[in-house]
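The stops below move from a pair of helices to a sheet.

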Amino acid sequence: MKIVCFGDSLTARKEGYPKPMLTMMLSEKVKGHIYVNIGLPGNTTVSAREHLKSEVLEEHPDVVTILFGSNDCSETKQIPLSIYEENLAFFVKKIGPKKVILITPPPVDEHKQKYRTNARIHEYADAVQRVAAQYQCTCIDFFEHVYIQPDYEKLLVGKSDDGLHFGEKLYDQLSDLIADELRKREREAEKSLWRKMMDKL
């Protein structure tokens, strides 16, 4: 399979490594696939629409993870919730619901973040789940996964320590969540291939 990880700096971040942390970890956990990182710092769903075709669709991916929202909900960007939801739906329809893994944006450490609140991020996370339900595509609730952990703020400490860009520990958890879904798809593909072989007998 070819897996494209599409998003903002949370997708693109290297955290001191030579390659983006997310796709590097995924390639180690679920081997034998091609991983392409299309994360762009500062990206919102509005700016991402402009290069969906040229950078994502032209890769002809089998799976696309979509993680946006941290910038959309920021006071510096202020992408309205309705536009954010429309853009996510646009991505899903263009890529194909069965290929998409939507991921809710994670919480922040509000003591370090001036332009984002968890209440607002949660509204955007809910929008992700609405789109997933509407188009029946996979959704990983990363916001809830992080938020329910005791002292979750400690997981949000990365190289920049800004309460938003997290480090290796949380990338390990995020890549585990995605890897579980990829393994599930591997098993489904094997079953489908087996059924086709049996049908020919």
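Axes here are lines fitted to C-alpha atoms, for helices over the stretch in contact, and angles run from 0 to 180 degrees between N-to-C directions. Bear in mind on this tour that the model is a predicted one.

Begin by selecting residues 81–95, which are helix α5, together with residues 118–135, which are helix α6; the two pack at an angle of about 35°, and their axes are 10 Å apart. The crossing in which α5 passes α6 is right-handed. Now show side chains along the contact: α5 contributes Leu81, Tyr84, Glu85, Leu88, Ala89, Val92 and Lys93, while α6 contributes Glu123, Tyr124, Ala127, Val128, Arg130, Val131 and Tyr135. If you colour the residues of this contact by class, 10 are nonpolar and 4 are charged, with no polar ones.

Next, turn to the sheet, which is open and is formed by 5 strands with parallel pairing, in the order β2-β1-β3-β4-β5. Select 34–39 and then 138–140 to see its edge strands, β2 and β5, each of which pairs on one side only. Neighbouring strands of the sheet are, on average and with direction ignored, turned by 20° against each other.

Within the sheet, select residues 2–7 for β1 and residues 63–67 for β3, a parallel pair joined over 5 bridges. Zoom in on Phe6, and you will find Ile66 of β3 standing opposite.

Conventions: Residues are numbered from 1 along each chain as its sequence is written. This is a predicted model: local features need pLDDT of at least 70, side-chain atom pairs count only at pLDDT 80 or more; totals for chains, interfaces and linings use all residues. Side-chain values use heavy atoms; hydrogens and water are left out. Two strands pair if DSSP finds at least two bridges between them. Helices (H or I, at least four residues) and strands (E, at least two) are DSSP runs, numbered from the N terminus. A crossing is left-handed if the near helix is turned anticlockwise from the far one by less than a right angle, and right-handed if clockwise. Contact means heavy atoms within 4.5 Å. Ala, Val, Leu, Ile, Met, Phe, Trp, Tyr, Cys and Pro count as nonpolar, Asp, Glu, Lys and Arg as charged, and the others, Gly among them, as polar.
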